[in-house]
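Take a moment with the sequence and the fold below.

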Amino acid sequence: MVEADGGRARSDDLSRGTNQTGVRLYNERLLLSLIRRHGALPKADIARRTGLSPQTISTIANALERDGLITRQSPLRGKVGQPLVPYALNPRGAFFLGLKIGRRSSDIVLLDFTGNVLGRIHEPHPYPTPQIALALAQRGIAELTAQLNPAERSRIAGFGIASPFELWNWEAQLAAPPDVLESWRHADIHRDIAGISTWPVYLHNDGTAACAAELVLGNGQHGEDFLYIFLGSFLGGGVVLNGHLFPGRTGYAGALAPLPVPVPGGFQQLLRSASIYVLADRLKSAGIDPQVLWLDPSDWGALGAPLDDWIAEAAQSLAIACVTAVSIIDFRTIVLDGAFPTAVRARLVEATRAAFAQFDRQGLAPFDIAEGTIGFGAREVGGACLPLLANFTQDREVLFKENS
């Protein structure tokens with residue numbers, strides 16, 4: 001790590017990510033990232049983990065404490081010498097708004113600096129429209145931030161949007177009228193929300209945004225390199241390499257939906273095996289109202305054979321995706337999450353592991369297929385994590401450098 005003794009870059013509006021440079025900023029972000037991962041750390045541990053001098057750590061920690069981003073915890077007693085004083089993130093140090101645009105429901109959340117969801121608005125709909133998304137953003141800004149006092153509202157660092165790309169191309173899956181699909185082709189939701197937001201607005205693919213939530217709030221248990229797969233109405237995902245979100249050349253890295261998987265008589269896209277809209281169609285065919293899938297993603301009740309069959313089919317296709325991905329990049333972990341109850345997630349992961357065990361694995365390095373930690377809210381939480389990544393972590397990708 002690099003040390004510097006120069007003046008510290010400051011920002012009155014907590015926008016620390018895009019227009020400040022210098023070693024001090026890098027070291028601030030390094031310290032914040034370490035504390036976030038470990039929960040709380042004393043200065044001595046931070047110095048040992050970073051290689052920075054105790055004097056430099058003290059200077060940076062004192063400045064971050066003055067800014068209200070970290071707080072001192074109770075001293076750790078019982079050891080020889082001076083008691084160690086851990087530093088932890090201040091939950092009220094910064095706030096973030098995140099909007100998810102979904103096929104059957106949209107959500108907006110308010111997140112604090114430690115990743116706690118302080119408020120959520122969930123809005124089911126037959127299909128999304130630009131007007132619905134903008135109205136929900138406006139409602140969320142008004143209602144969710146009302147719980148903050150004026151000083152706390154000044155600490156909102158950004159508004160993140162998680163949305164499927166090219167919604168107009170998903171006619172069969174979206175089940176929206178042609179004029180709605182066409183309206184998405186011409187809509188600029190980033191521009192429209194920037195027009196009502198007093199904070200920087202960040203937009204990215206919903207799968208990559210969900211991956212950002214796992215990266216920021218998952219506390220590093222998946223390692224520095226993992227592929228993240230999220231099963232929503234559609235299927236998407238993201239890639240983490242060397243501890244950083246990797247969006248790829250066009251923002252589609254980890255977008256596994258088009259991956260071909262074998263079916264009787266040929267191939268079909270992974271999307272058509274491992275997406276919740278497929279389960280919805282099966283429920284409808286069995287005479288079960290599929291609205292249960294979107295009204296409360298935490299509790300689907302007993303869905304019987306349609307759910308069992310869907311898990312088996314999705315797991316087989318996901319196992320193929322896992323083998324394909326690890327054959328190209330030596331991922332340590334494949335993380336599976338989705339807009340479903342935790343019990344369904346556990347069953348899907350176990351079934352995917354069992355399907356993978358049937359393949360010839362010669363030449364593949366060992367890796368784990370693991371459950372995600374965020375769950376059904378990962379996309380809107382991930383949207384809120386976009387400004388967090390941009391302003392308070394070491395993530396260096398260009399996608400966080402050019403925003404309104």
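By class, the lining of the second largest pocket has eleven nonpolar, six polar and three charged residues.

This is a predicted model: local features need pLDDT of at least 70, side-chain atom pairs count only at pLDDT 80 or more, and totals for chains, interfaces and linings use all residues. Residues are numbered from 1 along each chain as its sequence is written, and side-chain values use heavy atoms, with hydrogens and water left out.

Some terms need their cut-offs. On a 1 Å grid over the protein atoms alone, a pocket is an open set of points with protein on both sides within 12 Å along at least five of seven lines; a cavity is a set where a 1.4 Å probe fits but cannot get out; lining residues have an atom within 4 Å of a point. A volume is the space filled by probe spheres set on the points, which are joined across faces, edges and corners. Helices (H or I, at least four residues) and strands (E, at least two) are DSSP runs, numbered from the N terminus.

Now the largest pocket. Its volume is about 450 Å³. The lining of the largest pocket has 20 residues, and Ser33, Leu34, Arg37, Gly243 and Gln394 lie nearest the centre. Helix H1 (23-38) gives the most to this lining, with five residues.

Five strands form an open sheet in the order E6-E5-E4-E7-E8, with mixed pairing. Strand E6 (117-124) and strand E8 (201-205) are the edge strands, each pairing on one side only. Two strands pair if DSSP finds at least two bridges between them. Strand E4 (residues 95-100) and strand E7 (residues 156-163) run parallel, joined by six bridges. Phe95 stands opposite Ile156 in E7.

Helix H4 (residues 130-144) packs on the sheet, touching E4, strand E5 (105-112), E6 and E7. Contact means heavy atoms within 4.5 Å. Helix H14 (residues 378-392) lies across E4, E5, E6, E7 and E8.

Notes. Ala, Val, Leu, Ile, Met, Phe, Trp, Tyr, Cys and Pro count as nonpolar, Asp, Glu, Lys and Arg as charged, and the others, Gly among them, as polar. Axes are lines fitted to C-alpha atoms, for helices over the stretch in contact, and angles run from 0 to 180 degrees between N-to-C directions.
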